[in-house]
Amino acid sequence: AASEVCRSAITYGPILKAGYQAIKAANPEATVGMFGQWLENIDHIRKFFTDLFSHGYGPYMDYLNFHFYNGDRDPSVSHNQIPSFNEWWQTIHSIATQYGFASKPIWVTEVGWAIRPDKNDSIAVTPQQQAQYMQYIMTQAIQSGVIQRVFWFTINYHMQADSIDPPSGPLPAFFTYQNMVRQRPLWR
């Protein structure tokens with residue numbers, strides 16, 4: 001498929017390098033990261049990051065990035081080829097370390113669980129599971145010492161199935177998020 005090409009580090013690497021160099025030339029202080037790697041197969045994750053670093057693209061990003069989605073599954077458990085949250089970031093960090101980039105931070109630029117099926121999701125979790133999974137992700141990210149940012153998808157996106165503050169009112173995950181932000185407003 002044509003979309004498979006963009007999931008190759010060999011294809012993406014030159015784009016990353018060119019974009020990084022152009023942005024830094026315009027503003028050396030800008031923070032430039034890689035795209036949100038989202039394919040949830042552990043073999044693909046290993047191959048992608050190994051290819052990215054082995055072909056010399058490590059210097060062309062200020063942070064590594066991935067989107068963590070695993071359907072309706074518990075993020076603390078790997079499911080066949082779908083890694084747990086910790087396995088995913090640890091795999092990325094391990095490969096970066098192997099190529100001399102152990103201090104490269106990781107951002108999770110999308111994570112979330114739908115509480116009802118919609119046109120994009122045929123599976124869902126309960127609002128309580130959504131809150132539990134959020135608590136787990138945020139706690140693990142904080143404890144990692146490597147993950148700098150976590151962006152929840154989505155806080156308030158109207159009728160989106162994974163919104164934590166839909167028009168009907170905040171869900172338990174909204175209050176979990178609110179409490180996490182209060183406890184660690186600067187995430188240090």
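This report covers the sheet, the helix packing and the aromatic pairs of a predicted model.

## Basis

The model is predicted: local features need pLDDT of at least 70, side-chain atom pairs count only at pLDDT 80 or more, and totals for chains, interfaces and linings use all residues. Residues are numbered from 1 along each chain as its sequence is written, and side-chain values use heavy atoms, with hydrogens and water left out.

Helices (H or I, at least four residues) and strands (E, at least two) are DSSP runs, numbered from the N terminus.

## The sheet

Three strands form an open sheet in the order E1-E2-E3, with parallel pairing. Two strands pair if DSSP finds at least two bridges between them. Strand E1 (64-68) and strand E3 (147-152) are the edges, each pairing on one side only. From one strand to the next, the twist averages 20°. Angles run from 0 to 180 degrees between N-to-C directions, and axes are lines fitted to C-alpha atoms, for helices over the stretch in contact.

Strand E2 (residues 106-111) pairs with E3 in the parallel sense over four bridges. Opposite Val111 stands Trp152 in E3. Helix H4 (residues 85-98) packs on the sheet and touches E1, E2 and E3. Contact here means heavy atoms within 4.5 Å. The direction of H4 makes about 160° with that of E1.

## H2 against H3

The axes of helix H2 (residues 9-26) and helix H3 (residues 42-54) come within 9 Å and cross at roughly 45°. H2 and H3 are therefore oblique to each other. The classes are set by angle: under 35 degrees is roughly parallel, over 145 roughly antiparallel, 65 to 115 roughly perpendicular, and the rest oblique. H2 passes H3 in a right-handed crossing. A crossing is right-handed if the near helix is turned clockwise from the far one by less than a right angle, and left-handed if anticlockwise.

On the H2 side, the contact uses Ala9, Ile10, Tyr12, Gly13 and Leu16; these meet Phe48, Asp51 and Leu52 in H3. By class, this contact has six nonpolar, one polar and one charged residues. Ala, Val, Leu, Ile, Met, Phe, Trp, Tyr, Cys and Pro count as nonpolar, Asp, Glu, Lys and Arg as charged, and the others, Gly among them, as polar.

The axes of H3 and H4 come within 9 Å and cross at roughly 25°. That makes H3 roughly parallel to H4. The crossing is right-handed. H3 contributes Ile42, Ile45, Arg46, Phe49, Thr50 and Phe53, while H4 contributes Glu87, Trp88, Thr91, Ile92, Ile95 and Ala96. These residues divide into eight nonpolar, two polar and two charged.

H4 also meets helix H5 (residues 127-144): the axes come within 10 Å and cross at roughly 30°. H4 and H5 are therefore roughly parallel to each other. Their crossing is right-handed. Phe85, Asn86 and Trp89 in H4 meet Tyr136, Ile137, Gln140, Ala141 and Ser144 in H5. Five of the residues in this contact are nonpolar, three are polar and none is charged.

## Aromatic pairs

The structure holds 17 aromatic pairs. Rings of Phe, Tyr and Trp (its six-membered ring) pair if their centres lie within 6.5 Å; planes under 30 degrees apart count as stacked, over 60 as edge-to-face and the rest as tilted.

One of the pairs is Tyr20 with Tyr60, edge-to-face at 5.9 Å centre to centre and 75° between the planes. Tyr20 lies in helix H2 and Tyr60 in the loop between H3 and E1, so the pair ties together parts that are 40 residues apart in sequence.
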